[in-house]
Amino acid sequence: MNMLKIALLQMTPCKSLKENLEKGIMCCKQAKEKGADIALFPEMWSNGYNIYNRPVEEWKKEAISIDSDFINTFGTLAKQLHMAIGITLLEKYQKAPRNSLALFDRYGELKLVYAKVHTCFGSTPKLSRERSTWKCLSISKKI
């Protein structure tokens, strides 16, 4: 039976986007050395989920686009390592940033972007826009 080996990268974020990029690259390389087929990052890796005890406008400025150098670097890395990578980010989006994951297959192709649906904001539960559809995709297995 073919097994899919997943590296759940649990690490502490750094203080800048550049430092998180460098640490993320290093951890993906280590995951590949350990035989991973896919590496998945902790939530909002781009800014280290650094949204608490800060003014909203301050952390909103840290949102990055899905086609940023930061994200594209992980696509290139996925191709180089021949390993799928799920990189997370505070994504710059139309009206407000979103908490997203970009999934690259082992060929470095962006296969999907998933934005988390929040069901609670602060201490007041509220439903956010629920999706009536979702994606299910296939990524090639190791041969």
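**Strands, rings and burial: a chat about the model**

Modeller: In this predicted model, a hairpin of 6 residues joins β3 to β4.

Colleague: How do you know that β3 and β4 pair, and in which sense?

Modeller: Two strands pair if there are at least two bridges between them. β3 and β4 have 7 bridges, in the antiparallel sense, so they count as paired. One of the contacts across them is Ile87, whose bridge partner in β4 is Ala102. Ala102 also has a bridge partner in β5, namely Val113.

Colleague: What makes the sheet pairing mixed?

Modeller: Look at the neighbours of β3. Strand β2 (residues 38–40) runs parallel to β3, joined by 3 bridges, with Ala39 opposite Ile85. β4 (residues 98–104) and β5, though, pair in the antiparallel sense over 5 bridges. The 5 strands form an open sheet in the order β1-β2-β3-β4-β5. β1 (6–8) and β5 (110–115) are the edge strands, as each pairs on one side only.

Colleague: Why is β3 called largely enclosed?

Modeller: Buried means under 20% relative accessible area. 8 of the 8 residues of β3 are buried, so the strand is largely enclosed by the rest of the structure. Both faces are covered: Ala84, Gly86, Thr88 and Leu90 on one side, Ile85, Ile87, Leu89 and Glu91 on the other. Helix α3 (residues 69–81) lies across β3 (84–91) and β4, at about 175 degrees to β3.

Colleague: Now the rings. Why is the pair of Phe41 and Trp45 called tilted?

Modeller: Stacked needs planes under 30 degrees apart and edge-to-face needs over 60, with the rest tilted. Phe41 and Trp45 have their planes at 45 degrees, so the pair is tilted. Their centres are 5.8 Å apart, and pairing asks for centres within 6.5 Å.

Colleague: And what makes Phe70 and Phe74 edge-to-face?

Modeller: Their planes are at 65 degrees, with centres 5.4 Å apart.

Colleague: Where does the charged end of Arg98 sit?

Modeller: Over the ring of Tyr93, 3.6 Å from its centre.

Terms used: Residues numbered from 1 in each chain as written. Predicted model: local features only at pLDDT ≥ 70, side-chain atom pairs only at ≥ 80, totals over all residues. Heavy atoms only, no water. Helix = DSSP H or I, 4+ residues; strand = E, 2+ residues; numbered from the N terminus. Contact = heavy atoms within 4.5 Å. Axes fitted to C-alpha atoms, helices over the stretch in contact; angles between N-to-C directions. Phe/Tyr/Trp six-rings, centres within 6.5 Å; stacked < 30°, edge-to-face > 60°. Lys NZ or Arg CZ within 6 Å of the ring centre and 35° of its normal. Buried < 20%, exposed > 50% of the residue type's maximum accessible area, 1.4 Å probe, protein only.
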